[in-house]
Number of protein chains: 2
Amino acid sequence: MPSHSGGAMKIPRPIPLRESVFEALLELIISGQLTRGQHLVESELAALLGVSRQPVREALQLLSGEGWVDLHPGQGAFVHSPTAEEADQLLAVRALLETESARLAARHATAEEVERLRALCARGMAATEAGDIDTTVALNSELHAAVTELSRNAVLGDLAAQVSRRVRWYYTPVAARRGRSSWEEHAALIDAIADGDAGQAATIMRAHTEHTRTVYLSRLAEEHPASPEPVRRRRRRGPLDS
Amino acid sequence: MPSHSGGAMKIPRPIPLRESVFEALLELIISGQLTRGQHLVESELAALLGVSRQPVREALQLLSGEGWVDLHPGQGAFVHSPTAEEADQLLAVRALLETESARLAARHATAEEVERLRALCARGMAATEAGDIDTTVALNSELHAAVTELSRNAVLGDLAAQVSRRVRWYYTPVAARRGRSSWEEHAALIDAIADGDAGQAATIMRAHTEHTRTVYLSRLAEEHPASPEPVRRRRRRGPLDS
DNA sequence: CCCGTCGTGACTGCCTACAGTATACGGAGC
DNA sequence: GCTCCGTATACTGTAGGCAGTCACGACGGG
């Protein structure tokens, strides 16, 4: 995330293998192929991805740093199993960071940048109308990321990006019922940013994120049963074994 | 940072070597033995600490994740060289996180916990009076950490802790001139928390952190010259060589 | 029948070794 | 004398391998 670099964004020529592994594992986690609480055995993953254990280890530590897996010393890595409480806290923090981002964005955004936001918003609304959940979620993330970038605060942007990615994990099943209203809120937000009305932008973003949080919680309350204490036991045989 | 655990804080028996290395390197960076922009050669550090390269690599990646070093693929690790702009952004984010923490702390804190805060505050003021900068800074961090813990939001607490540690790096030279007033503000903050006055606590914390930020910036403006474009060249001979 | 103890297997943590690559130095050409 | 290029060096990235350790299962005792 080079945030708002001045045009000369440095792209390291050799993409380290650990990052490729990181992306791959992240995809496996988000897509659910690696289930919550599952024990991740380094050698199995290494064999699965066709690399050695070392890049896998490093990728697992990166994932641990961002809260995707839990690293138990001497015991290995386990896919993080988020509790309802934690999700709520995460959404609260997101609300905080994004609200501030919106406030700052309203102060700094140029007309050209506002246009980019509008374009994103239009595409997002189209995807929603078409019922394309995955694209909708992706565009939602992209729009929020764009706003944080406009805050002109790289540190804030990085933190928000990190939190957003985790939120996105829980968010996908919620996206459907947020539907159209979410994008109408986005449109209102962009208007406020275009006007340079910081207070208004912050207020809208606050309402928007809190709305999402409410929807998430209500959904959680419905399918209530959930977590029968996830498996922390050491796995001997599992879905990865052929 | 197990945040607000309920008494049974899990302490993994074998402390991984990478964490010890992490701590050691962090100390070397904060104390200035590793200067800004310096190229960190894995093998040298490994020899220095008497371990192999692997734990050093992993520690460097942890440090990179928290913004202490920059990892250039195929080139190695360099001690991060924070710009004035970045420091300002960091302080702004800290203000945001800590303000929210204070607000939440005021809602959740028990009388017993407030007492702990007061004790910390008293010790801090004593250290300041005694002119013990290091202890003052340490207690300052501890107090702020205690407040974020009282927010009862582990995610917020972790983020704030991370940001605070980085702030502390820049903060040490500033601590002296913040002096007594800082601890008076702390005392006022604790009063607000004790009263359960969330709004007041937030306001005080906002003013407190913004005050710190102002002092930092003014100090920066004074010793203005600064950064003669730090060394990014690859080092062949250096202070680590014996 | 339940509980403590020992044996076994498997996985992590760490070290060593190799290959690829970017940088720095020295020499040849202009 | 300056620039360009070849060679050498040293560092990173990756692989493989060994020892320590944790968990599980079986056996024997209460």
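In which sense do E2(B) and strand E3 of chain B pair, and over how many bridges? Select residues 76-79 of chain B for strand E3: E2(B) and E3(B) pair in the antiparallel sense, over 4 bridges. Two strands count as paired if DSSP finds at least two bridges between them. Helices (H or I, at least four residues) and strands (E, at least two) are DSSP runs, numbered from the N terminus.

Before continuing, note that this is a predicted model, in which local features need pLDDT of at least 70 and side-chain atom pairs count only at pLDDT 80 or more, whereas totals for chains, interfaces and linings use all residues. Residues are numbered from 1 along each chain as its sequence is written, chains are lettered from A and ligands numbered from 1 in the order in which they are written, and side-chain values use heavy atoms, with hydrogens and water left out.

**The sheet of chain B**

Contact here means heavy atoms within 4.5 Å.

Now display individual residues. Leu71(B) stands opposite Ala77(B) in E3(B), and Asp70(B) has Phe78(B) as its bridge partner in that strand. Phe78(B) is also the bridge partner of His39(B); E1(B) and E3(B) pair over 2 bridges, again in the antiparallel sense. Then centre on Gly74(B), in the hairpin of E2(B) and E3(B), which has 3 residues between the strands; this glycine takes a positive phi near 75 degrees.

**The sheet of chain A**

Move to chain A, where 3 strands form an open antiparallel sheet in the order E1-E3-E2. Its edge strands are E1 (39-40) and E2 (69-72) of chain A, each pairing on one side only. E2(A) and E3(A), residues 76-79, are joined by 4 bridges in the antiparallel sense, and Phe78(A) is the bridge partner of Asp70(A).

Select Thr128(A), which is placed in helix H5 (residues 111-129) of chain A. A polar atom of its side chain lies 2.9 Å from the backbone oxygen of Gly124(A). Leaving aside residues up to four places away in sequence, Thr128(A) touches Thr136(A), Gly179(A), Arg180(A) and Trp183(A).

A salt bridge is a side-chain nitrogen of Lys or Arg within 4 Å of a carboxyl oxygen of Asp or Glu. Over all chains, the structure holds 30 salt bridges.

**Between the chains**

Finally, show both chains together. The contact takes 27 residues from chain A and 27 residues from chain B. About 2400 Å² is buried between them, 61% of it from carbon and sulfur atoms; buried area is the accessible area (1.4 Å probe) that two parts lose on being put together, summed over both.

Which residue forms a salt bridge with Arg57(A)? Select Glu58(B): the closest N and O atoms of the pair are 3.1 Å apart. On the side of chain A that touches chain B, the elements giving two or more residues are helix H3 (53-65), helix H4 (84-108) and helix H7 (154-195) of chain A. H4(A) gives the most, with 9 residues.

Note on methods. Polar contact = N/O pair within 3.5 Å; in protein donor to acceptor, adjacent residues only side chain to side chain.
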